[in-house]
Amino acid sequence: MRYISTRGDAPAIGFEDVVLTGLAPDGGLYVPETVPEFSHAELADMAGLSYAEVAYRVMRGFVGDAIDDATFRRIVTETYAGFNHDAVVPLAQLSHNHHLLELFHGPTLAFKDIALQLLGRLLDHFLGQRGEQGVIMGATSGDTGSAAIEGCKPCDNLDIFILHPHERVSEVQRRQMTTVDAANVHNIAIRGDFDDAQAMVKASFADQGFLNGTRLIAVNSINWARIMAQIVYYVAAGVALGAPHRAVSFTVPSANFGNLFAGYMARRMGLPVKQFVIATNANDILHRTLADNDFSRRALEATLAPSMDIVVSSNFERLLFEAYERDSQAVTDLLAAFADGRAEIDTAPMARLRELFASHRVDDETILEVIREAHAHTGQLLDPHTACGYRAANVCRADATTPMITLATAHPAKFEAAIKRAGFTGAPLPDAMRELMDLPEHYDVLDADLDTVQRYVARHRRG
Ligand SMILES: *Cc1c(COP(=O)(O)O)cnc(C)c1O
């Protein structure tokens, strides 16, 4: 399997390189040159299989000969054995033909675990084969940092450094990172805000001399392996609800669009999907683009669903590439116009998008109302991100006879402040996480100074 860039000006590379690389050198994102397709019979055969087995079958074609079958099967089985639900991604029924796909049973209680648990192990495997050590650096405003740390914790060939803004993340979020006790996990609290932390990570990628040749690796949501791992639960949920014999629809609380693009890939692989609904919070670039053809930046708004607070939706470029029928020049021109302020999508690609996608924007006040409404109607306590999805599904669904699957992207206990504002007494942490508040923390506080941070990283990495 080979991967090409959406901007069309970078050489095609294999799976191993795509996992180690991230962004293509021409500034584009890697996509598979061809998409493996399942027959009706192959999809029907997946009904009733374990999540790990479905994962193996769905991802096998994207990996190609980069990893042998037995090794890849072992990696996938180990990855999902650590989840605290036997079904990995259980479905709960909300109402007639409306289902909730619970993606929060991983170690940090958000859907990012599903991809990052796999990505850490894939990186470790490839680095081990090359006899290399790698260093991961990332900045986090909350969720991604802990999921990346948990994903890298078991990896012999990786050190991970996560920068978070000192005293500006919630206690649960900080403790999910800092209570991890492993020699290769390094937490840095930066005296500054998220942008200061992010700027130092970016500068470190731009000039990697401080690592003396050690490979610096990004695990952000544009990494193809993260998308690949997320395709699996669309197939698993679709098959559980009757695909390929009947079609299903999905609603996805969206930000960088990695999650939803994975759903689009599941459809391209043969899963019959009637409709995708994009749910956004007040940071509504995806909704404005689809509803008003207003593809432009707006100022960031801090909302009750902070993991969806974005200005640019990076993975949307992958969908544009497909909507433009893989015309990389058209995509490059469109993104240049976007970088200048505002772009408009052409008529034919826009029509293709609107045939399959609907969208809805949910503001903070409505999030609180939906948490109450969903609880009253279904007995489920939804986290604020999932609440955006619940409302969007009800507003946008095209027909009531097709099962609608709304993706639950986080456990409500992660966002207890919003749950309380909605009028509930709280949302208890699951048993597996109760000890979080008692464990000792490990982190250092550093000034927002590039040289200080880089010297820290160079000194603390192993090997
Ligand atoms: C990251 C995240 C999202 C957004 O997912 P994208 O793949 O960026 O669209 C939604 N909800 C939660 C809880 C998240 O952590």
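The sulfur of Cys155 lies 5.2 Å from the closest cysteine sulfur, that of Cys152, which is too far for a bond. Cys155 is buried, at 2% relative accessibility, and Cys152 is buried at 3%; buried denotes under 20% relative accessible area, exposed over 50% and partly exposed in between, with a 1.4 Å probe and protein chains only. Across the whole structure, zero disulfides are found, a disulfide being a pair of cysteine sulfur atoms within 2.5 Å.

The model is predicted, so local features need pLDDT of at least 70 and side-chain atom pairs pLDDT 80 or more, whereas totals for chains, interfaces and linings use all residues. Residues are numbered from 1 along each chain as its sequence is written, and side-chain values use heavy atoms, without hydrogens and water.

The whole structure holds 18 aromatic pairs. Rings of Phe, Tyr and Trp (its six-membered ring) pair if their centres lie within 6.5 Å; planes under 30 degrees apart are stacked, over 60 edge-to-face and the rest tilted. The pair of Tyr3 and Trp224 is tilted, because the centres are 5.8 Å apart and the planes stand at 50°. Since Tyr3 belongs to strand S1 (residues 2-5) and Trp224 to helix H9 (residues 224-240), this pair ties together parts 221 residues apart in sequence. Helices (H or I, at least four residues) and strands (E, at least two) are DSSP runs, numbered from the N terminus. Tyr3 is buried at 0%, and Trp224 is buried at 1%.

Phe161 and Tyr456 form an edge-to-face pair, with centres 6.5 Å apart and planes at 85°.
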